[in-house]
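Please consult the sequence and the coordinates while reading.

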Amino acid sequence: MTEQEIRDLFLNEIHKVAPDIDPSDVSADDHLQDDLELDSMDILSLVTALDARLGLSIPEADYPQIETLTKAVRYLAGKLAG
């Protein structure tokens, strides 16, 4: 999976969790909670969706690694390369 595909998948899952967020408005360094205003349940839903779509387990200790689009793409690409 390319970084662009991971990026698109991540943005798509954010939009599913928070339909009011337009993926095209999310910048690379927008923080999920501080800038996009996702709450802890939204984050959990996002992680669960990513687990299901990618077949990965993202432990709670790693949640800071997906707090922005840039970090998430880097983290998920590394996990997928595994």
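Helices α1 and α3 are oblique to each other, a class left over once angles under 35 degrees (roughly parallel), over 145 (roughly antiparallel) and 65 to 115 (roughly perpendicular) are set aside. Their axes cross at roughly 120° and come within 9 Å; axes are lines fitted to C-alpha atoms, for helices over the stretch in contact, and angles run from 0 to 180 degrees between N-to-C directions. Helices are DSSP runs (H or I, at least four residues), numbered from the N terminus. The crossing of α1 with α3 is right-handed, that is, the near helix is turned clockwise from the far one by less than a right angle.

The model is a predicted one, in which local features need pLDDT of at least 70, side-chain atom pairs count only at pLDDT 80 or more, and totals for chains, interfaces and linings use all residues. Residues are numbered from 1 along each chain as its sequence is written, and side-chain values use heavy atoms, with hydrogens and water left out.

On the α1 side, E3, I6, R7, F10 and L11 meet L69, A72, V73, L76, A77 and L80 of α3, where contact means heavy atoms within 4.5 Å. By class, this contact of α1 with α3 comprises nine nonpolar, no polar and two charged residues; Ala, Val, Leu, Ile, Met, Phe, Trp, Tyr, Cys and Pro count as nonpolar, Asp, Glu, Lys and Arg as charged, and the others, Gly among them, as polar.

Helix α1 (residues 3-17) also packs against α2 (residues 40-54), at an angle of about 135° and with the axes 9 Å apart. That angle makes α1 oblique to α2, and this crossing is right-handed. Residues L9, F10, N12, E13, I14, K16 and V17 of α1 meet D42, S45, L46, A49, L50, R53 and L54 of α2. The contact of α1 with α2 has eight nonpolar, two polar and four charged residues.

Between α1 and α2, the loop contains V26. V26 counts as buried because its relative accessibility is 8%, the limits being under 20% for buried, over 50% for exposed and partly exposed in between (1.4 Å probe, protein chains only). Leaving aside neighbours within four places in sequence, V26 is in contact with L11, I21 and L36.

Terms used: Helix = DSSP H or I, 4+ residues; strand = E, 2+ residues; numbered from the N terminus.
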